[in-house]
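Please consult the sequence and the structure while reading.

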Amino acid sequence: IIISGVCYGAENGFLIGTITGLVSNFFFGQGIWTPFQMLGFGATGFVAGLIFYNRKHINYIVLAIIGGAITFFVYGIIVDMSSIFYIAEGGGLKAMLVSYMTAIPFDLINAGATCIFLVLIGKLMIKKIYRIKIKYGL
């Protein structure tokens, strides 16, 4: 999703992210969390598109670090918010703090995996997508 934002811009990154959240949950299970995942994925693609779209030269280490930060702060905060609504009755500040604090390990793993994948395959994927964009005039 971050790569789609980088290659196609913020708006398309948002659309690709939201559709990815919906379609993936056809396989992994729909639930009350699905709209939050869709919004989180969409916001991740949107922010990546705002930061990196139309850059002539991309430092892929910086992309990985910022991608991890986007995953932790944008996606993590939005998806962690969903548990406040379906686990904690009535919500409140205490429920919000507990939700965010217990999700930190998962969010760190998610952000770390994002960094690793962007370092390993980010350059290759972006190169391939740009080639397809030029070839088909997208």
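**Contacts, core and exposure**

In this predicted model, I2 is in contact (heavy atoms within 4.5 Å) with T44, A48, L63, G67, T71, T114 and L118, its neighbours within four places in sequence being left aside. Residues are numbered from 1 along each chain as its sequence is written, side-chain values use heavy atoms without hydrogens and water, and local features need pLDDT of at least 70. Side-chain atom pairs count only at pLDDT 80 or more, while totals for chains, interfaces and linings use all residues.

Q: What makes a set of residues a nonpolar core, and which residues have the most contacts inside the largest one?
A: A nonpolar core is a set of buried Ala, Val, Leu, Ile, Met, Phe, Trp, Tyr and Cys residues joined through side-chain atoms within 4.5 Å. The largest has 13 residues, and I2, I3, V6, L63, L118 and I126 have the most contacts inside it. Two or more residues come from each of α1 (2-8), α3 (34-52), α4 (60-86) and α5 (93-136). With four residues, α1 gives the most to this core.

Q: Why is Q37 called buried?
A: Buried means under 20% relative accessible area, exposed over 50%, and partly exposed in between (1.4 Å probe, protein chains only). Q37 has 16% relative accessibility and therefore counts as buried. This residue lies in helix α3 and, leaving aside its neighbours within four places in sequence, is in contact with N25, Y75 and V79.

Q: Why is N54 called exposed?
A: The relative accessibility of N54 is 60%, so the residue counts as exposed. N54 is found in the loop between α3 and α4. Although not a glycine, N54 has a positive phi of about 65 degrees.

Q: How many helices and strands does the protein chain have, and what makes a run count as one?
A: Helices (H or I, at least four residues) and strands (E, at least two) are DSSP runs, numbered from the N terminus. By this definition the protein chain has five helices and zero strands.

Q: Why is the protein chain called as compact as a globular protein of its length?
A: The radius of gyration is taken over C-alpha atoms, and the globule rule is 2.2 Å times the number of residues to the power 0.38. For 138 residues the rule gives 14 Å; the protein chain has 16 Å, which is close to that value, so it is as compact as a globular protein of that length.
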